[in-house]
Amino acid sequence: MAVQAEVTSAVATILERQPRSRRRIRLRPNLVIGGFLVLLLILGATFAPVLSLYPPDQMKPAIRLQPPSLAHPFGTDIFGRDMYSRILYGSRIALRMSILSVLLAAIPGVWMGLLAGYHRGWGERVLSRIMDAWMAFPGLLLAIVFVARLGPSLNTTVIALGVVGIPSFYRMARSGTISTSHMLYVEAARASGLGSTRILLRHILPNLASPLIVLLTMRIGTMLLAAGGLSFIGLGAQPPLPEWGALLAAGRDHLDTAWWLALAPGMAFTLSVMGFNLLGDGLRDLLARE
Amino acid sequence: MRTLRYLALLALVLIIAGCGAAPQTAATPIVQPTTAAEAPAATSAATTEATPEATAAATTEATTEPTTAATEPVMGGTVTRAITAEPTSLDPHAAPGSGQNIILPYIFDTLIFRDMDNTYKPYLAKSWEISEDGLTVTFTLRDDVTFHDGTPLNADAVVFTFNRFKDAKTSSGEGLAMMTGVEAVDAYTVRFTFSAPSAVFFSTLVTPYAGIVSPTAVEAEGDAFGQQPVGSGPFKIAEWQQGTAVVLERNPDYKWSPETISNPGAPYIDNVVFKVIPDAATQLAALQAGEVDLIFVNSPNHISKLTEDSTVQLIETQLNSMVYLGFNCAKAPFDDVKVRQALSHAINKDEILLAALNGMGQVAFAPMAPTLPGFDASLKDLELGYDPAKATELLTEAGFAPGPDGTMTKDDQALNLVLLTFARAPNEDVATLIQNQLKAIGVNVEIQQFDTATAAKAATEGQFHLILWRYDRNDADVLNVNLHSDRIGSSNRFGYSNPEVDALLDQAAQELDETKRAALYVEAQKLIMPDAPWQPLYIPVDVLAISKRVEGFHLASMGRILLNEAQVVAP
């Protein structure tokens, strides 16, 4: 235990030695804008029942295809459903799908990467080759194959996208582990007889935190778009779910008569993906200096 | 650098938003998500309902006479038509259902031709004779016809074709079920014999699947015949660019077109190109950009869009189609007729017509399409019309009561149903409305939509409670095909069985007198409608959109377009 405390304090000293200016949070525009957009998305998703004006599935054929107005800020669709409320509820689906699929990729990916990077040997070589082969397939295509096999639904989309996303986390964790596993404090921890699981989780994983956070943020944006893409081609959300990709697909046919149907989900995608990417970018600038 | 990245990101988002599915769809044949289609070809699946052209009934005629009719025709040029799926084979006797029926009539001729007024006209056969008992039909053939490979088209070729057609393990040959034999009486006379009179024989003869094939080519090419088809049609195959297009060229020796065609000889145009464009929106864009001349449109939005386009001519086709909601009568809860009736009463067809179809089409009430014999307006009285109160009442009678969440429940079994359909506009919109309408009486519906092949397979295997489907058929035997209990497990996907209905349908199949046959079908419908295996929804509108740079299209029934007298009048 004493050894561990020493190591921890050593790490603390190293961190403190860094110039203050670098550690100061500089409010770069990408961080601010990205953070704002992501916050907006999260708030919208959380308070959808409060913020929405109508139930998202309520049909009123009498008021179908109304352009945006005060009563219907984003207009109404062919069934007379309020687009604003649908977009709002759609943000819940978008956020849930993207976060879940990223976690589904990150947890096994990072864990395998840690083990492979720490233990090396033939196990690592085999695993890395498998991951390389895995990555050689176009991800979205692979996801389409999965979903087509398993049948379209939100859950299969999440699973497919999660499975497809494993290698990028694996590679990040593996290379990070290889470079940190020879650090003095890890050697020290090993010498003091700590088990490998403990070393990986307590000493190596925290070191990967910055690149991991950046990758997670970026991947959420990517997955949001990928999940929307699958729904767009009819493989994700099934009606009447107000998934943005499905809304966009439905709106596409009405582009020249009811432009608002495609505009609202299109903007929702643009802003939220942009938000996650800017945020990831900003976090990278902020964190990845060590 | 960063700005660049933002721009790239924005561009990516826009690309995804804009063109969306197209690239992926093209890359993976397993997914045909938003496929709208030319022909309801797809609907018919491998089982039964024939594809639109497959089955040529009749009615609509729209001939655009060339403006230059009096003068010399404009020779040369190419007409390009968009097709949704690349055919797997152009052998008329290969499995149907992938769009080959659109191309077949250009390459292959048939014995007879069904005219717009529903009468049969000579084509390869000059005349024919039906015996008194209806058990033999004798055709006298033209003696001046040759196949593209030079083989003469004679009685032996016809006998060869029909033996091959009947042997083919495909549904397209089922109209020949009662045919016991076909023989050559002399070089240009063919006799068909039957075990019982067959009312569907003549409508089978006019399908593209009954095209006469060259026996020498079939024997020489074997399985490759589907890639190098040899018929006697106005066009012959020139090139098949796999995955992209099928190119046909004019048959200069052609001189045997049906008499309704003003040009008896070889076509004026040089080539017909069938370009594979899976996505309906892309097809529309290609037409408006002048890349293709002819597309089939069945999305109400696309039709409205095209009516404003002055460079395009719209021709309404008559495919004798109907879109219906089918119940799986073999499976709970629809093994109880009351539940079927209840759900039928919950459907508001006017709302479907307004919201999902943009007002295009007409509400249906009887199982027979209005353009087929056996339709009768008086059947309207038997319609299970929109009446939600009645629906709830019937569900209550059937033992259902609202559960804790409002869903109708009986013996702890809540009404959570699967509605199966194929992914093609406007099916999703119609299904969404049905889902909403059934929700109002406490029935939850999960919509499952697949590409046409997958959906057809699931339908045949009975993996559904409700099915949103469509038929296009040239003959009143559409009821035999879909609702006769003999067909349970194949084309009767509804598990519907009523011995009295079966008897009437059997009788109709052997009745050669059209009036008597129609009356039998009306009687059958009077029994079918209260049984409610189907809730007929609407009669769809399908149009052919044709660029005005081409004139002289000749529309035949079932959406078939003849190009024998087409001319490219503008570059």
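A network of salt bridges links Arg120(A), Glu124(A) and Arg174(A), a salt bridge being a side-chain nitrogen of Lys or Arg within 4 Å of a carboxyl oxygen of Asp or Glu. By this rule, 23 salt bridges are counted over all chains. The structure is a predicted model, in which local features need pLDDT of at least 70 and side-chain atom pairs count only at pLDDT 80 or more, whereas totals for chains, interfaces and linings use all residues. Residues are numbered from 1 along each chain as its sequence is written, chains are lettered from A and ligands numbered from 1 in the order in which they are written, and side-chain values use heavy atoms, with hydrogens and water left out.

In chain B, Asp91(B) and Arg164(B) form a salt bridge through their side chains, with an N to O distance of 2.5 Å. Asp91(B) lies in the loop between strand S2 (78-83) and helix H4 (100-107) of chain B, and Arg164(B) in helix H5 (residues 155-167) of chain B, so the pair ties together parts that are 73 residues apart in sequence. Helices (H or I, at least four residues) and strands (E, at least two) are DSSP runs numbered from the N terminus. Asp91(B) is buried, at a relative accessible area of 9%; buried means under 20% relative accessible area, exposed over 50%, and partly exposed in between (1.4 Å probe, protein chains only).

A further salt bridge joins the side chains of Lys338(B) and Glu397(B) at 3.6 Å, N to O. This pair links distant parts of the chain, with Lys338(B) in helix H10 of chain B and Glu397(B) in helix H12 of chain B, 59 residues apart. Lys338(B) is partly exposed, with a relative accessible area of 31%, and Glu397(B) is also partly exposed, at 46%. The side chains of Lys457(B) and Glu461(B) likewise meet in a salt bridge, at 3.4 Å, N to O. Here Lys457(B) is exposed, with a relative accessible area of 53%, whereas Glu461(B) is partly exposed, at 44%.

The loop between strand S15 (362-363) and helix H12 (388-397) of chain B contains Asp387(B), which is partly exposed at a relative accessible area of 31%. The C-alpha atom of Asp387(B) is separated by 8.9 Å from that of Ala342(B), 45 residues away along the chain.

Strand pairing was assigned where DSSP finds at least two bridges between two strands. Strand S5 (residues 125-130) and strand S6 (residues 136-141) of chain B pair in the antiparallel sense over five bridges, with Ala125(B) opposite Leu141(B) in S6(B). These two strands, S5(B) and S6(B), form a hairpin with five residues between them, and Gly134(B) in the turn has a positive phi of about 75 degrees. An open antiparallel sheet of three strands has the order S16-S17-S18 in chain B. Its edge strands, each pairing on one side only, are strand S16 (401-402) and strand S18 (413-414) of chain B. Strand S17 (residues 408-410) of chain B pairs with S18(B) in the antiparallel sense over two bridges, and Lys410(B) stands opposite Gln413(B) in S18(B).

Most residues other than glycine have a negative phi, and most peptide bonds are trans. Asn320(B), although not a glycine, has a positive phi of about 50 degrees; Asn320(B) is located in the loop between strand S13 (312-317) and S14 of chain B and is buried, with a relative accessible area of 0%. Asn358(B), also not a glycine, has a positive phi of about 60 degrees. Asn358(B) occupies the loop between helix H11 (349-356) and S15 of chain B and is partly exposed, at 33% relative accessibility. A cis peptide bond joins Pro239(A) and Pro240(A), with omega about 5 degrees, and Pro240(A) is in the loop between helix H11 (209-232) and helix H12 (244-252) of chain A. Another cis peptide bond joins Ala332(B) and Pro333(B), with omega about 0 degrees; Pro333(B) lies in the loop between strand S14 (321-327) and H10 of chain B.

For the complex, the predictor gives an ipTM of 0.73 and a pTM of 0.78. Chain B averages a pLDDT of 85, and 86% of the residues score at least 70, pLDDT being the predictor's confidence in each residue, from 0 to 100.
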